[in-house]
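Hi,

Here is the structure I promised to pass on.

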2 protein chains.
Amino acid sequence: MHSDIEVLIQKISRLPGLGPRSARRIVIHLLKNREQIFEPMLMGMKNIYESVKVCPVCSNVDVFEDVCSICADAKRSREVICVVESVSDLWAIERTSCFRGQYHLLKGLLSSIEGRGPEVLMLEKLSERCRQNQVKEIVIALSATVEGQTTGHYIRNFFRGEDVKTTFLAHGIPIGGELDYLDEGTLLTAFSARG
Amino acid sequence: MHSDIEVLIQKISRLPGLGPRSARRIVIHLLKNREQIFEPMLMGMKNIYESVKVCPVCSNVDVFEDVCSICADAKRSREVICVVESVSDLWAIERTSCFRGQYHLLKGLLSSIEGRGPEVLMLEKLSERCRQNQVKEIVIALSATVEGQTTGHYIRNFFRGEDVKTTFLAHGIPIGGELDYLDEGTLLTAFSARG
């Protein structure tokens, strides 16, 4: 095997969820199906690599002209903005079709260990957007981790006094979750937030 | 999400071992790490796509000038040729470092259902190579499936009468295999081939 092929296998094996074995299978699959799979895959990746941009309004990553499809969608409410950590979270929320407002993507969560301060939250930009569009509610949809919740409360504090409500996603028992497998933290939160 | 991104996710999800979820994670990983991961990956794939060829001697798939690195390796014996079904099997054998001869890759196994006749075995070419290099042994390293064994016996019959020995890989209990989990066929073969 030529070293270039080995290098490609190594690169692919470092993708999330893959390892050396699955990377090898993928490369062999591509080599065996040069015209039907390898070429379209390469073209598709090249196209996405060249055309994907970061939306200047909400920082969503997408293929678009001026602003991303969500910001451009006239049918979506401009009065609610959902704060998410990353594109994957935005996609997850979009898959539920439960939210028809706009988004604000962070560049990361606050983390003193990794040296990320409030500048990654771009809250001045969000605040400006809230004023311009008379935004009524900011939904803070961050992970229920220490970093996520710290960041969430920082955002809530930032908007205290401004004319916009901040809400958090509810914590509790996940659907299908069995009580005796739940961690104590979740059970405690679910109890105190009962209603 | 733009439809081009969805199409790419779909393409990636059809790769062996992947599904829609892992494909989505991979695409997000690429989009998030545009310079460090997406670009080198794209360059690596493009390079392999453009430079990989099929070896005119053994049909191995590799990056090379005239013949593949195995055919070009002067240290490898020319007196033994190992018949394998595909590049993945060749790589598997190469990883064991137990074989230092040459290879002959089939274009597939004989299959009346899928309409593959003896032409996929390219035995005239193999026979010609045997004569030219005074090959002493053809190792038939095909899967222990019906198609693999049928093809193996076809190859053995083809070379009956010619001045070359054909051998099959041994069948038996795989290393680490527990007796009571083995299928009867394997156990039977292991018994009758005991020694």
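Below are my notes on the sheet, one arginine, the salt bridges and a loop residue.

First, the ground rules. This is a predicted model, so local features need pLDDT of at least 70 and side-chain atom pairs count only at pLDDT 80 or more, while totals for chains, interfaces and linings use all residues. Residues are numbered from 1 along each chain as its sequence is written, chains are lettered from A and ligands numbered from 1 in the order in which they are written, and side-chain values use heavy atoms, with hydrogens and water left out.

Let me start with the sheet in chain A. It is an open one of 4 strands, in the order β4-β3-β5-β6, with parallel pairing. (Helices, H or I with at least four residues, and strands, E with at least two, are DSSP runs numbered from the N terminus; two strands pair if DSSP finds at least two bridges between them.) β4 (102-105) and β6 (165-168) of chain A are at the edges with a single partner strand each, so one side of each has no neighbour in the sheet. On average, neighbouring strands of this sheet are turned by 25 degrees against each other, direction ignored. (Axes are lines fitted to C-alpha atoms, for helices over the stretch in contact, and angles run from 0 to 180 degrees between N-to-C directions.)

Zooming in, strand β3 (residues 80-84) of chain A pairs with β4(A) in the parallel sense over 4 bridges, and A:Cys82 has A:Tyr103 in β4(A) as its bridge partner. (Contact means heavy atoms within 4.5 Å.)

4 of its 5 residues are buried, so β3(B) is largely enclosed by the rest of the structure. (Buried means under 20% relative accessible area, exposed over 50%, and partly exposed in between, with a 1.4 Å probe and protein chains only.) β3(B) runs parallel to strand β5 (residues 137-140) of chain B, joined by 4 bridges, with B:Glu137 as the bridge partner of B:Val80. β3(B) also pairs in the parallel sense with strand β4 (residues 102-105) of chain B, over 4 bridges; there, B:Ile81 stands opposite B:Gln102.

Back in chain A, have a look at A:Arg129 in helix α6. A:Arg129 is buried yet has no salt bridge, and the nearest side chain of opposite charge, A:Glu128, is 10 Å away. (Lys and Arg count as positive and Asp and Glu as negative; His and the chain ends are not counted. A salt bridge is a side-chain nitrogen of Lys or Arg within 4 Å of a carboxyl oxygen of Asp or Glu.) What does the side chain of A:Arg129 have beside it? One of its polar atoms lies 2.7 Å from the backbone oxygen of A:Tyr103. Leaving aside neighbours within four places in sequence, the contacts of A:Arg129 include A:Val57, A:Cys58, A:Ile81 and A:His104.

- A:Glu128 meets A:Arg131 at 3.3 Å, N to O. The two are 3 residues apart in helix α6 (residues 123-132) of chain A, about one helical turn, and A:Glu128 is partly exposed at 37%.
- A:Glu50 pairs with A:Lys46, with the closest N and O atoms 3.7 Å apart. Both are in helix α3 (residues 34-51) of chain A, 4 residues apart; A:Glu50 is exposed at 55%, and A:Lys46 partly exposed at 32%.
- B:Glu114 pairs with B:Arg116 at 3.1 Å between the closest N and O atoms. B:Glu114 is exposed at 54% and B:Arg116 partly exposed at 24%.
- A:Glu114, A:Arg116 and A:Glu147 are linked in a network of salt bridges.

Last, the loop residue: A:Leu169 sits between β6 and α8 (184-192) of chain A and is partly exposed, at 47% relative accessibility. Not counting residues up to four places away in sequence, A:Leu169 touches A:Val139, A:Ile140 and A:Ala141. A:Leu169 and A:Ser143 are 26 residues apart in sequence, and their C-alpha atoms are 9.2 Å apart.

Cheers

Terms used: A polar contact is a pair of N or O atoms within 3.5 Å; within protein, one must be able to donate a hydrogen and the other to accept it, and residues adjacent in sequence count only if both atoms are side-chain atoms.
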